[in-house]
Amino acid sequence: MDSSLSEKLLGFRQIAQEKLQHVFYSIPSEKDLIIDPALIKPLEHVCGASWLRKKGIDKIFKFDPKNPPPKRKQFLYFISSSLLTFKSVLDQISGYQSQTSSLMEPDIRYKQYHVLVFPSVVASFEHLLEEEGLFGIVELYNFQWDFLLLDEAILSLELPNVFADVFVRNDTTLLGSIAQSLRIFNLVMGKPNLIFSFGENAEKILHMVQRIESSKAGNGAGKDTQGAEKEPEFSTMLILDRDRDYPACLLTPVVYCGLLVEIQTLNSGSLVVDGEKNKIKSGKLPFLQLDQEQQQAAKQEGTSLRMSGAQDMIYREHRYRHFSETISLLSSQAKTLGLEGKAYSREMKLSEMKDYVTNKLPKVAAAKKELFKHLRLCETIVEEIGANFEKHQMIEESILTNTNRKQIMNYIVELLSSDAHKYNTLRLICLYHVTIGLTGEDTTKLMTGYLNAFGYRHLTVFHSLCQARLFPDTTNLSKTKMLSQISIPTLKTPFQIEANKLKQLPTDANEQAAGPSVVPDHDAVSAAGSGSTGKSCPGYVFNGNYIPLVTQLTHMIFAASSFDNLNTRLGHLERLKVSGRALGGQSGEAQWPPRTVKELSASSHKAALNRLLPFKGKTMFIFVVGGITYAEIAACHLLERTIGAKIVLSSDRIIAGHDLIEAVVNC
């Protein structure tokens, strides 16, 4: 990535600091900051403790509802927009108020309590403030940091619960926050010539952005017109809904960075490395866990790993490699470091010994410490998923290719009876439904098995999964409907037909020859195991079984030689809409609503669009609504290097399939 783009991406941090500074300066005199623990890691990407103290913050406390800090001066709470968290804050403030003299009337001109809400204050906060009798005593503020740069060309909004709220509860409140951030993006980077949106929520976000820009332009805000008039940094933008490509999230990745997030918790680019527990252990039934004595023996000190190539060179080198290759390379590095550590010899001269101890030894010790951290993580991956990994990969391949249905069902039933996992077993069931489709008989069998394993209190989980289109609707199943759902196995499922049109299944014998061919890159790509496509295809991230939709759409958009060619490739996608500055929306022009590729191919804009394609500069900004995975990032990274493109990926969060199912279960 060129330095000018890197500097502009870092500019989002400066914008966030300016917004935060504006809030601090609006509160006179010194104040103490009480911060929600979930917001600490993301805030570190915006500013540090020293910056906060320069802006008038005296002491910083973690928010704990049960243990309030001593009242010294003004309090500034920084919390997420959760009603329960806000209620806990108000209870704490009421406790402070009761300690003061009831004879003293509060002076509303000098409020002692301020609450900063991320990403925005919701209407229910105002109502609760009145109900608690604290209106006029507590001041509320909005704050949103927009895009955080987690790694090279990887941005995140770090918005909580977007998938659960938007795709399960159908609460689109957070879409407004995403739209505000994309408007800021247009101001900083310039509005792209073409903007592709794929999905209902992606389209809603673009409508919101258009309304905000029109409103600002109508009010005479010159800054917004600058974003439309300046030459865009990215020629095109792609906004994609998570539910448009569930398999890319539900399949098990084989790349190192993807497996790291499958095992440990990720928080704003920092991986929590905990020796005692991980995602696999936390989802297993208690009687399937090790005995307490064995757990104590295996107890290790917790630490963290920054998943950033700039912060960790070992991670930078291995993040997109196949896991099998990563293990062998890390083992070789460990042997090399071991030999370097033994380089000390009694035969050395005194000056050589001094130089070795002063310069060489500390570097070797630091490298060993970092390497040990990665080896520990690899060991955890092998221990938790290694034994069953090969068979699991074969089952996932069978699901994608719609073969061996009986074997797939037997495998899932066996998991539920002997090795059930609260989230990952559901994940496999959801993958089966999304790709093949569950019959009424299979639905009943799998629901019964899951509820027998984890308890009937989880019955509502299947309704939540149904809301997200991850499970069939079971509310109105009658005998007639159940019989109608039992279909004769077909060679091609609707998923396969659609995936083959976009050439996402390189393992399909009929479609192998049509798959995208790209040149392998040794630094970013390693052997794809038993995958038939090898390391020349982005499908290597799933062992050669599947190419993520976001990668394939990007490839087809960049490969289109004309708009007619684009229509041939993508015209069948009714939910894929196109807008952007090439279709109007610049300063003084009318905003054109997003339209399908097929509609535009028969419109007056066709000539202007043909002049844009093929793109001279292959630059794209991608945003996934509902979370993006490291497998998708790795696949786009390969595509970027092999076709000479510049791709920046972003989302509300970086997730794994485990996180997606956990969000639904906890709804």
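**Helix packing and buried positions in a predicted model**

Helix H1 crosses helix H7 in a right-handed manner, a crossing being right-handed if the near helix is turned clockwise from the far one by less than a right angle, and left-handed if anticlockwise. The model is predicted, so that local features need pLDDT of at least 70 and side-chain atom pairs count only at pLDDT 80 or more, whereas totals for chains, interfaces and linings use all residues. Residues are numbered from 1 along each chain as its sequence is written, and side-chain values use heavy atoms, with hydrogens and water left out. Helices are DSSP runs (H or I, at least four residues), numbered from the N terminus.

**H1 against H7**

- The contact (heavy atoms within 4.5 Å) is formed by Leu 5, Lys 8, Leu 9, Phe 12 and Ile 15 of H1, together with Ile 184, Phe 185, Val 188 and Met 189 of H7.
- By class, this contact of H1 with H7 comprises eight nonpolar, no polar and one charged residues, where Ala, Val, Leu, Ile, Met, Phe, Trp, Tyr, Cys and Pro count as nonpolar, Asp, Glu, Lys and Arg as charged, and the others, Gly among them, as polar.
- H1 (residues 3-25) and H7 (residues 173-189) pack at an angle of about 130 degrees, with axes 11 Å apart; the axes are lines fitted to C-alpha atoms over the stretch in contact, and angles run from 0 to 180 degrees between N-to-C directions.
- The two helices H1 and H7 are therefore oblique to each other, given that angles under 35 degrees count as roughly parallel, over 145 as roughly antiparallel, 65 to 115 as roughly perpendicular and the rest as oblique.

- Buried residues (under 20% relative accessible area, with a 1.4 Å probe and protein chains only) in H1 include Leu 5, Leu 9 and Phe 12.
- In H19 (residues 440-454), the buried residues include Asp 442, Thr 443, Leu 446 and Tyr 450, and the helix is followed by Gly 455, whose phi is positive, near 105 degrees.

**Two buried positions**

- His 45 is placed in the loop between helix H2 (40-44) and helix H3 (49-54), and is buried, with a relative accessible area of 11%.
- Apart from neighbours within four places in sequence, His 45 is in contact with residues including Arg 13, Ser 268 and Arg 306.
- Leu 377 lies in helix H16 (residues 350-401) and is buried, with a relative accessible area of 2%.
- The C-alpha atoms of Leu 377 and Asp 274 are separated by 9.4 Å, although these residues are 103 residues apart along the chain.

Terms used
Buried means under 20% relative accessible area, exposed over 50%, partly exposed in between (1.4 Å probe, protein chains only). The expected span of a helix is 1.5 Å times one less than its number of residues.
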